[in-house]
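Biologist: Can you walk me through this one? I have some questions as they come.

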Amino acid sequence: MAHLAAYTVLRGCQNLRLASLFSAASGAAARLANVAAPAPLLAVARRGTASAATTDADVAVIGAGVVGLAVARELALAGQSVILLEAAGTIGSETSSRNSEVIHAGLYYQPGSLKARLCVEGREMLYSFCQRHGVPHSRLGKLVVATSDSQLGALHALAAQGAANGVSDLRLLTADEVAGLEPAVCCVAGLLSPSTGIVDSHSLMAELHRQFEAAGGTTALHSRVEGGSVGATLHRLCVRDANGGEQVELCVSAVVNAAGLHAQTVAASLDGMPPAAIPPLHLAKGSYFSLAPGALDSLMVPPGGGAKGRPSNSSRASSSSKTFSHLVYPLPDPGTAGLGTHLTVDLSGGVRFGPDVEWLLPSTEPRAIDYSVNVARAQSAYATIRAYLPHLPDGALQPAYSGVRPKVAGPGQPAGDFVVQGPKQHCVPGLVHLFGIESPGLTASLALAQHVGAQLRR
Ligand SMILES: Cc1cc2nc3c(=O)[nH]c(=O)nc-3n(C[C@H](O)[C@H](O)[C@H](O)COP(=O)(O)OP(=O)(O)OC[C@H]3O[C@@H](n4cnc5c(N)ncnc54)[C@H](O)[C@@H]3O)c2cc1C
């Protein structure tokens with residue numbers, strides 16, 4: 001992996017010639033070939049061909065989370081010379097490693113929205129990618145449960161919305177059918193989504209990154225984009241070695257801003273980007289809780305038999321493998337901005353609950369986010385979880401980790417969509433911003449990458 005640390009041999013904000021800088025790096029031959037003969041995609045963005053000869057790479061992708069990695073891979077495989085700029089010292093260290101690792105089916109999103117379309121498309125692309133490249137995953141299915149009769153309408157509406165989004169395998173279940181699948185769960189009815197699954201997000205990102213570099217892409221870690229300018233034919237990015245090193249200037253034909261929580265900051269730092277086109281940023285933290293040792297046993301074998309309101313399934317529970325075989329979700333509370341504090345199982349069978357929703361103050365700087373989990377938040381999580389797992393014992397929830405959703409809609413507002421802004425929206429050729437890439441961004445990452453490629457070709 002090539003690091004921008006190598007850049008610090010240069011003084012000041014100089015214009016880098018990556019062709020020579022990276023001549024010793026792996027994949028250099030492919031990169032040099034790409035620089036010399038740009039592929040058709042960038043020929044569109046480069047209307048001033050005289051300047052094109054002076055670029056350091058065809059495309060700079062800002063941010064090596066799962067979306068930036070997927071975009072960088074997509075463009076590199078399409079023949080572009082791509083440099084991936086990442087402020088941190090590793091790939092995927094922000095939101096992409098602070099989530100539920102769920103491959104969503106596509107139930108929750110407004111029909112016709114980008115979230116709905118890219119989730120459904122991206123889900124199947126992701127399963128196929130994981131299968132082909134040995135990324136650990138499991139299509140284990142999910143149960144969404146109504147815990148009172150008053151929630152039945154919402155359960156049916158969710159099923160109808162999923163069907164409208166193209167989720168064709170949903171099945172409404174009775175309480176007994178749910179109990180047959182998950183004996184510890186108490187509900188009045190459920191919705192089974194067989195195409196929901198889980199993925200090892202770290203292995204996924206490692207594989208995307210491997211393929212990106214194998215296609216000739218270059219990764220620059222510790223490389224924070226601090227500003228620059230975007231123009232009709234060329235974009236200049238000022239990149240600082242995040243270890244306190246010097247700033248260098250990178251000259252490219254196209255820029256993809258996949259900086260996640262920092263996408264608005266990056267966009268605002270680019271001269272030539274119309275500020276009015278930048279959507280607001282609202283931060284909603286989600287905390288997770290793991291189960292204390294021994295708590296799983298209490299859940300799986302409820303004292304005194306089965307859960308209230310349905311026949312006992314304790315014999316099945318006691319013969320279970322002492323974990324859950326499906327993800328279990330309550331119905332989303334329309335008053336909050338999350339999917340409800342749900343139960344997920346990881347690939348080793350570990351159980352965790354979350355994320356809840358905690359709006360951060362509007363003044364919170366994304367770089368100053370406190371990711372520690374406040375143990376007091378477990379109190380409200382107990383109430384939500386006990387609605388469907390009534391035997392959750394006191395003291396079972398332990399603080400685990402948290403993530404922060406980059407939302408474009410604030411508290412009380414209708415949920416926002418992914419905002420993928422290309423030249424059509426902001427009138428700057430060869431520039432794509434990804435704003436508000438909250439859930440289902442992991443699921444949709446490969447479809448988002450194709451969508452970005454299409455925006456650059458316009
Ligand atoms: C609590 C929670 C649960 C979620 N659960 C799921 C789920 O189960 N399923 C699902 O599909 N999705 C889920 N998501 C959404 C998913 O995690 C995100 O959509 C996805 O990880 C976003 O990836 P990204 O690459 O856009 O952003 P990030 O992973 O945040 O990556 C952005 C990268 O940009 C870098 N960067 C920032 N500024 C700069 C700069 N100036 N210069 C260079 N680099 C910079 C950062 O260091 C970071 O590495 C969840 C999200 C949250 C918060």
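Biologist: Start with I83. Is I83 buried or exposed?
Modeller: I83 counts as buried, because it has 28 C-beta neighbours inside 10 Å. Bear in mind that this is a predicted model.

Biologist: Where is the place of I83?
Modeller: I83 sits in strand β2.

Biologist: How far apart are I83 and V59 in sequence and in space?
Modeller: They are 24 residues apart in sequence, and their C-alpha atoms are 6.4 Å apart.

Biologist: What about contacts for the chain as a whole?
Modeller: Taking contacts with a separation of 6 or more, 75% are between residues 24 or more positions apart. The chain has 458 residues, of which 49% are buried. Its secondary structure comes to 15 helices and 21 strands.

Biologist: On to α5. How many of its residues are buried?
Modeller: 11 of the 12 residues in α5 are buried. Among them are V66, G68, V71, R73 and E74.

Biologist: What do those buried residues pack against?
Modeller: Strands β1 (57–62), β2 (82–85), β12 (247–257) and β21 (431–435), plus helices α9 (201–214) and α15 (441–457).

Biologist: What span does α5 reach?
Modeller: From first C-alpha to last, α5 (residues 66–77) reaches 16 Å, close to the 16 Å expected at 1.5 Å a residue. Just after the helix, G79 takes a positive phi of about 100°.

Biologist: Which residues touch the most other members of the largest nonpolar core?
Modeller: A60, V61, I62, V71, V185 and V256, out of 111 residues in that core. The core lies between domain 1 (4–95 + 202–280 + 417–457) and domain 2 (142–194 + 282–407), because both give residues to it. As background, nonpolar side chains in soluble globular proteins tend to be buried together.

Biologist: Take I62. What is I62 in contact with, leaving aside neighbours within four places in sequence?
Modeller: The contacts of I62 include G68 of α5.

Biologist: Now the ligand. Which residues come nearest?
Modeller: G63, G65, N99, G260 and G441, out of 42 residues around the ligand.

Biologist: What is the make-up of that shell by class?
Modeller: The shell has 18 nonpolar, 17 polar and seven charged residues.

Biologist: Which elements each supply at least two residues of the shell?
Modeller: α5, β10 (223–230), β19 (397–407) and α15 do.

Biologist: And where does the ligand shell lie relative to the domains?
Modeller: The shell around the ligand lies between domain 1 and domain 2, because both give residues to it.

Biologist: Which residues other than glycine have a positive phi?
Modeller: H222 has a phi near 55°, and C427 has a phi of about 70°. For context, most residues other than glycine have a negative phi, and most peptide bonds are trans.

Biologist: Where is H222, and is H222 buried or exposed?
Modeller: H222 is in the loop between β9 (218–220) and β10. H222 is buried, with 22 other C-beta atoms within 10 Å.

Biologist: And C427?
Modeller: C427 is found in the loop between α14 (423–426) and β21. C427 is partly exposed, with 13 other C-beta atoms within 10 Å.

Biologist: Last one, α6. What do its buried residues pack against?
Modeller: They pack against β3 (102–103), β4 (137–138), β8 (197–199) and α15. The buried residues of α6 include L118, V120, L126 and F129. α6 (residues 114–133) has 20 residues and reaches 27 Å, close to the 28 Å expected at 1.5 Å a residue. G134 follows α6, and its phi is positive, near 70°.

Conventions:
Residues are numbered from 1 along each chain as its sequence is written. This is a predicted model: local features need pLDDT of at least 70, side-chain atom pairs count only at pLDDT 80 or more; totals for chains, interfaces and linings use all residues. Helices (H or I, at least four residues) and strands (E, at least two) are DSSP runs, numbered from the N terminus. The expected span of a helix is 1.5 Å times one less than its number of residues. A residue is buried if 20 or more other C-beta atoms lie within 10 Å of its own, exposed if 12 or fewer, and partly exposed in between; C-beta atoms are placed from the backbone. Two residues are in contact if their C-beta atoms, placed from the backbone, lie within 7 Å. A nonpolar core is a set of buried Ala, Val, Leu, Ile, Met, Phe, Trp, Tyr and Cys residues joined through C-beta atoms within 7 Å. Domain bounds come from an automatic or database domain assignment. A residue is near a molecule or strand if its C-beta atom, placed from the backbone, lies within 6 Å of it. Ala, Val, Leu, Ile, Met, Phe, Trp, Tyr, Cys and Pro count as nonpolar, Asp, Glu, Lys and Arg as charged, and the others, Gly among them, as polar.
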